[in-house]
Amino acid sequence: MNDIVANLMHSRLFFGADKRLIERCSALFSVRTFQRGRRIFYQEDSARFVHLISSGLVRLSYMLSDGNEISLGIVGAGDLVGEEALMGEPLRSLIATALED
């Protein structure tokens, strides 16, 4: 079993799904690593991908019109970020930043 399939099997998105379905869906995923402090995506970026967090923590925040950034929460392994892409939204509504390597 490859790493992508293993990560998907433990994600909330595929909870309880048949392994064969997960294996077929795994072709739609790729692995990317982000260093601590790196922005995964910015608010208003094109929403083309959904990110499944396999390890580490990601901070979700929102940039106000006055330039202040407010933190909305922290998500981790098994969570998805960037769900706008699944819903057909053209742009990101939040900022996602890696908090751990």
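**Figure 1. Overview of the chain.** From the N terminus on, the elements run α-α-β-β-β-β-β-β. That makes two helices and six strands. Helices (H or I, at least four residues) and strands (E, at least two) are DSSP runs, numbered from the N terminus. This is a predicted model: local features need pLDDT of at least 70, side-chain atom pairs count only at pLDDT 80 or more, and totals for chains, interfaces and linings use all residues. Residues are numbered from 1 along each chain as its sequence is written, and side-chain values use heavy atoms, with hydrogens and water left out. Along the principal axes, the C-alpha atoms fill a box of roughly 50 × 30 × 20 Å. Of the 101 residues, 32% count as buried. Buried means under 20% relative accessible area, exposed over 50%, and partly exposed in between (1.4 Å probe, protein chains only). Contact means heavy atoms within 4.5 Å. Among contacts between residues at least 6 apart in sequence, 62% join residues at least 24 apart.

**Figure 2. The open sheet of four strands.** The strand order is β1-β6-β3-β4, with antiparallel pairing. Two strands pair if DSSP finds at least two bridges between them. β1 (39-41) and β4 stand at the edges with a single partner strand each, so one side of each is left without a neighbour in the sheet. Neighbouring strands are turned by 30 degrees against each other on average, direction ignored. For this angle, axes are lines fitted to C-alpha atoms (for helices, over the stretch in contact), and angles run from 0 to 180 degrees between N-to-C directions.

**Figure 3. Strand β3 and its two partners.** Seven bridges join β3 (residues 57-63) to β4 (residues 69-76), and the two run antiparallel. Tyr62 has Ile70 of β4 as its bridge partner. For Leu60, the partner in β4 is Gly73. What stands opposite Leu60 in β6? That residue is Ala96. β3 and β6 (residues 95-98) also run antiparallel, joined by four bridges. The hairpin of β3 and β4 has five residues between the strands, and Gly67 there takes a positive phi near 95 degrees.

**Figure 4. Arg59 in strand β3.** Arg59 is found in β3. Buried, exposed or partly exposed? Arg59 counts as partly exposed because its relative accessibility is 22%. Leaving aside neighbours within four places in sequence, Arg59 is in contact with Glu69, Ile70, Ser71, Gly73, Ile74, Ile95, Ala96, Thr97 and Leu99. Ala85 is 26 residues from Arg59 along the chain, and their C-alpha atoms are separated by 18 Å. In a regular strand the side chains alternate between the two faces of the sheet.

**Figure 5. Ser26 in a loop.** Ser26 lies between α2 (19-25) and β1. Its relative accessibility is 11%, so Ser26 counts as buried. Which residues does Ser26 contact, leaving aside its neighbours within four places in sequence? They are Ile4, Val5 and Leu8.

**Figure 6. Surface and charge.** The chain exposes about 6,800 Å², and carbon and sulfur atoms supply 52% of it. Accessible areas come from the Shrake-Rupley method with a 1.4 Å probe; for residues, only the protein chains shown count as cover. There are 11 positive and 13 negative side chains, and the centres of the two sets lie 5 Å apart. Lys and Arg count as positive and Asp and Glu as negative; His and the chain ends are not counted. The place of a charge is taken as NZ of Lys, CZ of Arg, CG of Asp or CD of Glu.
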